[in-house]
Amino acid sequence: MPANPSATLEQELAGLDALNLALPSRKGGLRRRWATLWPPCAAVSIVILLWQTVVWSGWKPEYILPSPFTVGSAFMHDFATIVSASGNTLRRGVEGFLFSVVVGTAVGLAAARFKMVRAAIGSLMSGLQTMPSVAWTPIAIVLFKQSEGAIFFVVVLGAAPSVANGLLQGIDHIPPILLRAGRVLGARGVNSLRHVVVPAALPTFVSGLKQAWAFAWRALMGAELLITVIGARTLGQQLDVNRSLPDYPAMYADMVAVLIIGIVIDVLVFGRIERSLRRRCGLVDAG
């Protein structure tokens, strides 16, 4: 029998605890950055090559389908205009998305807390989520005319159902044992929501937010193509104007700007939030 059983037990527990620690990174800073950068760079290169191959094939005249290098030149030539239009479009998207988060969160919590609310609006939320956002544009024009309010209306209806459904699904998938443990420890009512329900539902809720932003961005592009607000230069407006001129290289450059913004938001905002959540849950190994 060991001379000091408690010391032996502490050593064994320390060894088990060490299994949960992240392994030290074996890659240097430059190698880690390169490992992160080369896959998207390779994907972009393949897309450009395929695009140029289609242009070389003569499928469409080059004034209709310009080469990626012609589009790149147009992008740099109109860079200041694209940045200004992107700023206005992004402002609209962020404002509508933030309001959607407030509304969708309130609706999701109400549906999770009260069975009557869940029964009344559960299917409605799913139906609104599957409804094409651009279908709300005619109603928005009738209600708000050609105005910022009409665009805001379309964006909110496009995003809020995804926020509500994301939160509701996250709450539905909380293990019952966590809820029972919270009640045993005295977490009830608002305290239960704050300390048990919301933290446990957070990963699924963030996925719902990411989906909601995608829906909001698509809804915004569709609304800007159909709703013209005088004095506001936006990406959707530029797309329609360049199509009408016709200035197709500039039109494709605007499309590239829309794609870049979507990728940047996904990587720098939602990507970082998801990685942070995975670290907190012990799902990321630095090795």
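**Salt bridges, burial and surface patches**

Trainee: How many salt bridges does a search of the whole structure find?

Mentor: The search finds 8 salt bridges, each being a side-chain nitrogen of Lys or Arg within 4 Å of a carboxyl oxygen of Asp or Glu. The model is predicted: local features need pLDDT of at least 70 and side-chain atom pairs count only at pLDDT 80 or more, while totals for chains, interfaces and linings use all residues. Residues are numbered from 1 along each chain as its sequence is written, and side-chain values use heavy atoms, leaving out hydrogens and water.

Trainee: What is the secondary structure of the chain?

Mentor: The chain has 11 helices and 0 strands, and its elements run α-α-α-α-α-α-α-α-α-α-α from the N terminus. Helices (H or I, at least four residues) and strands (E, at least two) are DSSP runs, numbered from the N terminus.

Trainee: What makes the pair of Arg91 and Glu95 a salt bridge?

Mentor: The closest N and O atoms of Arg91 and Glu95 are 3.5 Å apart, and the limit is within 4 Å, so the pair qualifies. Both residues lie in helix 4 (residues 79–113), 4 residues apart, about one turn of the helix.

Trainee: What makes Arg243 and Asp240 a salt bridge, and where do they lie?

Mentor: The closest N and O atoms of Arg243 and Asp240 are 3.0 Å apart. Both lie in helix 10 (residues 235–244), 3 residues apart, about one turn of the helix. Arg243 is partly exposed because its relative accessibility is 45%, and Asp240 is partly exposed at 27%. As for a network, salt bridges that share partners join Arg91, Arg92, Glu95, Glu148 and Glu224 into one.

Trainee: Why is Gln52 called buried?

Mentor: Gln52 has a relative accessible area of 7%, so it counts as buried. Gln52 sits in helix 2 (residues 29–57). Leaving aside residues up to four places away in sequence, it touches Ser67, Pro68 and Phe69, where contact means heavy atoms within 4.5 Å. Across the chain, buried residues make up 32% of the 287 residues.

Trainee: Which residues form the nonpolar patch on the surface?

Mentor: Leu259, Ile260, Ile263, Val264, Val267, Leu268, Val269 and Ile273 form it, with about 640 Å² of accessible area together. Patches take residues with over 30% relative accessible area and no salt bridge; nonpolar side chains (Val, Leu, Ile, Met, Phe, Trp, Tyr) are joined within 5 Å and like charges within 9 Å. Ile263, found in helix 11, is partly exposed because its relative accessibility is 45%. Areas come from the Shrake-Rupley method with a 1.4 Å probe, and for residues only the protein chains shown count as cover.

Trainee: Which residues gather in the patch of positive charge?

Mentor: Arg272, Arg275, Arg278 and Arg279 gather there, on the surface. Lys and Arg count as positive and Asp and Glu as negative, with His and the chain ends not counted; the charge is placed at NZ of Lys, CZ of Arg, CG of Asp or CD of Glu. Arg272 is in helix 11 (residues 248–280), and its relative accessible area is 53%, so it is exposed.

Notes:
Buried means under 20% relative accessible area, exposed over 50%, partly exposed in between (1.4 Å probe, protein chains only).
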